[in-house]
Amino acid sequence: MDHSAIVMGASSGMGQEVARRLLNKGWTVGLAARRIDRLREMAEEYGPRAVCAQIDVNDDGSAKQLLHLFEQLSTVDLYIHTSGVGKVNCQLEEDIELQTVKTNALGFTRCIGVAYRWMAEHGGGKIVAISSIAGIRGLGPAPSYSATKALQHTYIQALEQQAHCRHLNIHFTEIRPGFVDTQLLNGSHYPMTMQVDGVVDEMMRAIRHRRHTCVIDWRYRLLVALWRLVPAWVWRRMRLSNYK
């Protein structure tokens, strides 16, 4: 049986690796991203099974562009949203905060909504969202990043409830990785940084097993469990970065 998927953010990092793995398994994959050059490279490599679309989630017209990609593929079993931005912003620079909100909140909501409505009208499917452990607690070094990742978690949780109540055959998996060695880190070095291959291994297993939420990897699962135990008054006083 032929399968088809759309990967939003397929030009780099985890999005590109996920897209390649699906293509290698014989899937037809809609490759969507702001940068079209890398998508075309994959299209040349995999032929007509790789369908390219230049889509910037921040553009007002991105919803129509993504809907057009769904219509091109005709059937879509899986939508994976990997697009996102994040920066340490200890000085609370306005442009960083607003750009993060625009991409991780507005862009995310816009694209997930397109996938949800399409699947609701076409018999269902699976939606996978890459969020972050940063959404577990408010992180002072990256306020808008942790806040928008919390929004993503809550939004997916709300859609799961709605889909169940509407008897829609739509399933969700939220992936919450820790630090991954991608362009998002901009060459910065963080403790417990993971490689893309290993993260995608766990991600694909979570998708196959229809996990609702998956924190990657075991070290971050332990860290998140500890974070949840920290009282609010202690968390407020924790110094997670050099704020100078």
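In the predicted model, Gly125 stands opposite Ile170 in β6. Residues are numbered from 1 along each chain as its sequence is written. Because this is a predicted model, local features require pLDDT of at least 70 and side-chain atom pairs pLDDT 80 or more, whereas totals for chains, interfaces and linings use all residues, and side-chain values rest on heavy atoms, with hydrogens and water left out.

Strand β5 (residues 125–130) pairs with β6 in the parallel sense through six bridges; two strands are taken to pair if DSSP finds at least two bridges between them. Helices (H or I, at least four residues) and strands (E, at least two) are DSSP runs, numbered from the N terminus. Together, β5, helix α5 (residues 143–165) and β6 form a right-handed β-α-β unit, in which, with the strands pointing away from the viewer, the path from the first strand over the helix to the second runs clockwise. Strand β7 (residues 213–216) also runs parallel to β6 and is joined to β6 by four bridges, with Ile216 in β7 as the bridge partner of Pro177. Strand β6 (residues 170–177) is largely enclosed by the rest of the structure, because seven of its eight residues are buried (under 20% relative accessible area, 1.4 Å probe, protein chains only).

Thr82 is located in the loop between β4 (78–81) and α4 (94–121). With a relative accessibility of 17%, Thr82 counts as buried. Not counting residues up to four places away in sequence, Thr82 touches Met8, Gly9, Gly15 and Ile130, contact meaning heavy atoms within 4.5 Å. The side chain of Thr82 reaches the backbone oxygen of Met8 at 2.8 Å.

Notes. Buried means under 20% relative accessible area, exposed over 50%, partly exposed in between (1.4 Å probe, protein chains only). A polar contact is a pair of N or O atoms within 3.5 Å; within protein, one must be able to donate a hydrogen and the other to accept it, and residues adjacent in sequence count only if both atoms are side-chain atoms.
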